[in-house]
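Hi everyone, thanks for having me.

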Amino acid sequence: MLRPQRPLHQAAQDRERRVSPAGLGLDSELVRSRMVGKLRTQGVRDEKVLAAMLAVPRHLFVDTALANQAYEDTSLPIGLQQTISKPSVVARMIELMRGGRGDALLPRVLEIGTGCGYQAAVLAHVARLVISVERLKPLHDKARDLLAPWRMGNVRLVYGDGMRGHPPNAPYDGIIAAAGGGAIPPAWLEQLAVGGRLVAPVARGTGQVLVLVERNERGFVHSEHEAVHFVPLKSGTT
Ligand code: SAH
């Protein structure tokens, strides 16, 4: 008599597991709020960015086997030798790109390197429109599948070579790169709006630093920030 209840019970368990995989406890938001507390102590001040980091369930963007590490401040593999960036780096870069605009949303943001789509989901909370370009088809498809349930109507995923930016939606108020090259591709500078801000890892010596480029009426102002470690920016698509 109790048998028909069993699948229902299992379905509820499965649902729970999806929302809160093993090792995360029952409430992933609680774990995330601890992560956000840590981001504050690491110096992230932009409340809009902190709210976005609280909202996006990072554990759903990594393999189930890695889900229990999802809220540690570490980069994690997402396949094809690529990684999802550390939460502190994601928050720091978006904060730098926003340049403190209070509660206002950035009109248009371009992300180069969608990867699993995590950062695109965070960006969706701080921008009205997010265009995210990925050069590896399997990752572009993976991000599309992972983002689908969230119905983020303001995120557009593009399969292509992000070194060329994405001219159809230019100019962008913010440009953020999740892969680092030797120099900033000219297309990104061309597609940056006046008043816009670009943040990208760029090679310096044997490592990389975060470079911020601000565009004003007179031209471009570059500044260098902390050392970072990103996967390489590559041209072409695969
Ligand atoms: N923001 C991602 C991080 C992905 S790692 C996340 O949240 O998961 C960086 C990504 O940049 C990789 O997926 C890599 O394939 C991609 N990439 C490297 N060069 C690129 C290029 N020229 N155009 C688009 N994507 C590129």
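Let's start with D103 and K48, which form a salt bridge whose closest N and O atoms are 3.4 Å apart. This pair links distant parts of the chain, with the two residues 55 residues apart. D103 sits in the loop between α4 (87–98) and β3 (106–112), while K48 belongs to helix α3 (residues 47–55). Please keep in mind that we are looking at a predicted model.

Here is a question for you: is K48 buried or exposed? K48 counts as buried because its relative accessible area is 19%, and buried means under 20%.

Now find R40 and E47. Their side chains also meet in a salt bridge, at 2.8 Å from N to O. R40 has a relative accessibility of 36%, so this residue counts as partly exposed. E47 is partly exposed too, at 47%.

My last stop is R144 and D145. The closest N and O atoms in this salt bridge are 3.7 Å apart. R144 is partly exposed, with a relative accessible area of 42%. Salt bridges with shared partners join R144 and D145 with K137 and D141 into one network.

And how many salt bridges does a search of the whole structure find? The count is 9, and the pairs I showed you are among them.

Methods:
Residues are numbered from 1 along each chain as its sequence is written. This is a predicted model: local features need pLDDT of at least 70, side-chain atom pairs count only at pLDDT 80 or more; totals for chains, interfaces and linings use all residues. Side-chain values use heavy atoms; hydrogens and water are left out. A salt bridge is a side-chain nitrogen of Lys or Arg within 4 Å of a carboxyl oxygen of Asp or Glu. Buried means under 20% relative accessible area, exposed over 50%, partly exposed in between (1.4 Å probe, protein chains only). Helices (H or I, at least four residues) and strands (E, at least two) are DSSP runs, numbered from the N terminus.
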